[in-house]
Amino acid sequence: MLNETERHVADAVTAGTPDAPVLLASRCSACGTETFPPKATCPNCCSKDTQVVTLPRQGVLWTYTTQEFPPKSPPYSVPPDRFSAFCVGYVQLGDSVRVEGRIHTNDVTHLRIGLPMELTLIRLPVNDTETVVTFGFTPVEESA
Amino acid sequence: MTTAIVGVGLHPFGRFDGVSGPAMATVAVDNALRDADLRWPDMEFAMGGSLEGAKGTCASPDSLVGDLGLTGLPFINVVNGCATAGSALSMACNAIDAGQYEVGIVIGYDKHPRGAFDPDPAVLGLEPWYGDSGMMLTTQFFAMKTARYMHEYGISRRSLAAVAAKNLRNGAKNPAAWRKDQLTEEQILAAPMLNDPLTKYMICSPGEGAAAVVVCSAEKARQLSTHPIWIEGLTIRTRRFGSFEVLSPSLPVTQADSPTVDAARSCFEVAGVAPHDVHVVQLQDTDAGSEIMHMAECGFCEHGEQEKLLAEGATEISGSLPVNTDGGLMANGEPIGASGLRQVYELVLQLRGTGGARQVAGDPRVGFAQVYGAPGLSACTILIR
């Protein structure tokens, strides 16, 4: 079935290209803390002097879980009749921040804490004509 | 603190089709007043908490006066996430400590829809993409925190099952509990996985129920009761930068203690007792991993020591550190506005020695309760007979 429209839900927090997306974060000029998504106030030192930066595309899996029952929709964009189980995890990007995101993998049993991961865009078909696009992570060994 | 509890009441927890949240609250209030040998007109003030009442999906707490009596008392609605009940009780204690009132009542109830909580991202300060992407589930956090904890401290899946089996076993001894069917560790491990490593029976469900607590000043307590229970500590803390919290799009690499660590430490300081002085404990067991982590976060053991303690049965009713003697959230479900008051209700029964089939032996004198939840807050309470 042809998906006619794509709805990019995370546009405001991503940049880069479809093949090499990056996440936007705020970096505090006073204490160096990086926060995703970008915040006007640093949650660590409360400074208002923050600027938007991009985070590294690659990192390592810090923790993860599976989502094996359908989330209520809304807020999940995918309705229960289109649900399939997925993974979510925190990936440490660089040396300051861990970002939560969908984990896209062909083999859940292969996931482990410490696995190298890379940022990607993932597509979630929500009906016959619409696909939601959000960011996620995939094991580096699986990325093209 | 100088506040006493002289009456406690409960409406059973579970699912009650056709019974409204406020109707359950009325039953809990009647039971608490009867327990205190007082009447509604004796109440100088009331604090009431209900998440659904605040959302408008059922009547709000202050509407209860229509059923309890229009005595003109000040009735304050309290909403503070999963610490709603703890916050209501805390405000009641403060009002009494300040000399504003002599006696009043704290009421909590909820009647949540079936299924997992599905908070609106915007209400918690999150952006729509977070929910669109399928991450607006508190259970994912509990599973991920548990998974990381198991990795760091060598906690086994078997220990998760042991906690769930124990709480269901305790619930079977509690007439007011929702789930009274016992399950073996094997059955719990073999149940459908919801969020790895948590299976169906390792996660509590949103539910229905109500609880009420009559509180009063020290002077009043000596007039009213031969067996008051004293609120010696009640502290609430929110998350600090670096703690690993529910519904967090990112975490700093630099880690900080959880709000439970902060709240428990402060509560013990205020009460002037230490974890080893506590005889009976109620912990937030949103899931089996949470109970294990909260044991250490509250100061009852070292991180990782739980594996050995659980294998020894230390947290059983008959153990050295009885935890969730009424079955906890796993056997009772989580009606948020009532959940923290259920813990207080159970501690009061235990400290009075009226816990029935689930009574902790050895004349328990010091009880501890802890709740934790969205958006990263904890409330701890210490009760002493």
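## Strand pairing and the interface of chains A and B

In the hairpin formed by β3(A) and β4(A), 5 residues lie between the strands, and Gly32(A) takes a positive phi near 85 degrees. The model is predicted, so that local features need pLDDT of at least 70 and side-chain atom pairs count only at pLDDT 80 or more, while totals for chains, interfaces and linings use all residues. Residues are numbered from 1 along each chain as its sequence is written, chains are lettered from A and ligands numbered from 1 in the order in which they are written, and side-chain values use heavy atoms, with hydrogens and water left out.

### Strand β3 of chain A

Helices (H or I, at least four residues) and strands (E, at least two) are DSSP runs, numbered from the N terminus. Two strands are said to pair if DSSP finds at least two bridges between them. Strand β3(A), residues 21–28, is mostly covered, with 7 of its 8 residues buried; buried means under 20% relative accessible area, exposed over 50%, and partly exposed in between (1.4 Å probe, protein chains only).

β3(A) pairs with β4(A), residues 34–35, in the antiparallel sense over 2 bridges. Here Arg27(A) has Glu34(A) in β4(A) as its bridge partner. A hairpin of 4 residues connects β2(A) to β3(A), and these two strands run antiparallel, joined by 3 bridges. Within that pairing, Val22(A) in β3(A) is the bridge partner of Ala15(A). With β5(A), residues 50–54, β3(A) forms 5 bridges, again in the antiparallel sense; Ala25(A) stands opposite Val53(A) of β5(A).

### Strand β4 of chain B

In chain B, strand β4(B) covers residues 103–111 and is mostly covered, since 8 of its 9 residues are buried. Its pairing with β2(B), residues 46–49, is parallel and comprises 4 bridges, and Gly49(B) stands opposite Gly108(B) of β4(B). Its pairing with β7(B), residues 208–217, is antiparallel and comprises 9 bridges; Val106(B) stands opposite Val213(B) of β7(B).

| Strand pair | Sense | Bridges |
|---|---|---|
| β2(A) and β3(A) | antiparallel | 3 bridges |
| β3(A) and β4(A) | antiparallel | 2 bridges |
| β3(A) and β5(A) | antiparallel | 5 bridges |
| β2(B) and β4(B) | parallel | 4 bridges |
| β4(B) and β7(B) | antiparallel | 9 bridges |

### The interface

Contact, meaning heavy atoms within 4.5 Å, links 38 residues of chain B with 42 residues of chain A. The area buried between the chains is about 3,400 Å², and carbon and sulfur atoms give 59% of this area. Buried area is the accessible area (1.4 Å probe) that two parts lose on being put together, summed over both.

Leu251(B) in β9(B) is the bridge partner of Arg98(A).

The rule finds 1 salt bridge between the chains, a salt bridge being a side-chain nitrogen of Lys or Arg within 4 Å of a carboxyl oxygen of Asp or Glu. The side chains of Arg7(A) and Asp132(B) meet in a salt bridge at 3.7 Å, N to O.

On the side of chain B that touches chain A, α5 (128–132), α6 (138–153), β5 (193–195) and β9 (250–252) of chain B each supply at least two residues. The largest share, 7 residues, comes from α6(B). By class, this side has 19 nonpolar, 12 polar and 7 charged residues, where Ala, Val, Leu, Ile, Met, Phe, Trp, Tyr, Cys and Pro count as nonpolar, Asp, Glu, Lys and Arg as charged, and the others, Gly among them, as polar.
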